[in-house]
Structures are given as C-alpha cells and as structure tokens.
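Work through the exercises below with the model at hand. Each task is followed by a stepwise solution.

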Amino acid sequence: MCHLSQRHRSAFARMHADKEVMADLGGPIDRPESDAKFDRYVVAQTQHGIARFALEDASGRFLGYCGIMPRLDQHHPLGPHHEIGWRLVRHVWGQGYATESAAVALRLASGVLGQEQVFSYTTADNKRSQRVMEKLGLIRAPEFDFTIPRDDMRAWQCLVWKTRLA
C-alpha cells in the first residue's frame with residue numbers, strides 16, 4: 001500500500017469506468033467524478049492522516065485502493081463516522097488483496113482512531129465484499145442499515161458491519 005499520487009489518477013479513473021467493478025455502486029462514474037473522488041482521498045490523507053491507499057503489484061501497476069475514510073457529513077445516515085472500504089480492478093478479484101489490505105488499514109488506523117468504531121457497508125448482493133467483512137472479523141450491525149436515494153430513482157440499500165471494540 002502507498003499513498004495515492006498523480007501517477008495513479010488515470011488508472012483510478014479507468015477502474016471507476018468499468019461497469020463490472022462499479023455494478024454494486026450504481027454503475028460507472030465519469031472522469032470528472034472520479035477525479036473529484038481521487039482529490040477527496042488525497043485531502044483526507046493530508047488532513048486526517050488516514051484515507052484510501054493505492055494498491056500496487058510488484059511492478060508498481062495500480063490494482064485498486066483500500067483504506068479508512070473519515071465520513072464527516074452530519075447528514076449521512078450514520079452521521080459522522082469512519083468507513084473502511086476497498087475497490088479493486090476486476091482481474092485481481094478473488095486473490096486476497098481486499099482482505100489483506102483492509103486488515104493492514106485497520107491496524108494502521110488504530111493508532112489514529114484509537115478505540116473509535118469503524119463501519120463498512122455494501123449492498124445485499126455484493127457477497128464478495130460481505131465475505132471480506134466477515135474475514136476481517138467485522139460484526140454485522142443491521143440496526144445501522146440505511147438507504148440512500150439516487151438520481152436514477154433506484155435507492156442504494158446498504159447493509160452495515162462494524163469493528164469490534166476492544
């Protein structure tokens with residue numbers, strides 16, 4: 001894992017343009033939206049010391065990202081919180097990158113967050129991410145499930161997991 005840098009921007013955008021990668025998230029996003037997301041991640045790292053990190057193979061090729069993001073929007077259904085998440089290019093799915101990098105991200109963030117709760121969420125049909133959450137030891141927390149309306153008239157229904165507090 002390494003900090004996102006300008007050399008990752010184009011590969012980051014290509015990943016977000018992939019219909020299969022983005023299927024559980026409402027579909028692909030365009031370059032300006034991907035660039036805005038990239039910029040938010042870089043700012044979060046600078047301001048909060050945690051964010052999404054780039055995942056690369058041994059040759060430095062971008063494989064996706066993983067990390068913990070501060071979600072500070074008072075209007076989010078969970079209120080201000082920290083969320084662990086990941087997104088990987090399709091050709092590396094099922095190879096353990098999400099679980100391994102998310103476990104590292106949780107350990108790294110513990111120094112910044114202390115005992116603060118970390119959430120993770122996905123859709124009911126995203127079984128791959130749900131398996132990662134289970135492997136990480138996250139606890140299913142249906143009392144926190146939420147729905148976000150979308151412009152295309154289909155709501156994004158999120159199932160929530162949370163970290164165990166020590």
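**Exercise 1: a helix pair**

Describe how H1 passes H2.

Solution. H1 crosses H2 in a right-handed manner, where right-handed means that the near helix is turned clockwise from the far one by less than a right angle, and left-handed anticlockwise. Helices (H or I, at least four residues) and strands (E, at least two) are DSSP runs, numbered from the N terminus. The model is predicted: local features need pLDDT of at least 70, side-chain atom pairs pLDDT 80 or more, while totals for chains, interfaces and linings use all residues. Residues are numbered from 1 along each chain as its sequence is written, and side-chain values use heavy atoms, without hydrogens and water.

Next, the contact (heavy atoms within 4.5 Å) involves Arg9, Ser10, Phe12, Ala13 and His16 of H1, and Arg31, Ser34, Asp35, Lys37, Phe38, Asp39 and Tyr41 of H2.

**Exercise 2: aromatic rings**

Which residues do ring pairs link into a cluster?

Solution. Phe12, Phe38, Tyr41, Phe62 and Tyr65 are joined by ring pairs; rings of Phe, Tyr and Trp (its six-membered ring) pair if their centres lie within 6.5 Å, with planes under 30 degrees apart stacked, over 60 edge-to-face and the rest tilted. The structure holds seven aromatic pairs.
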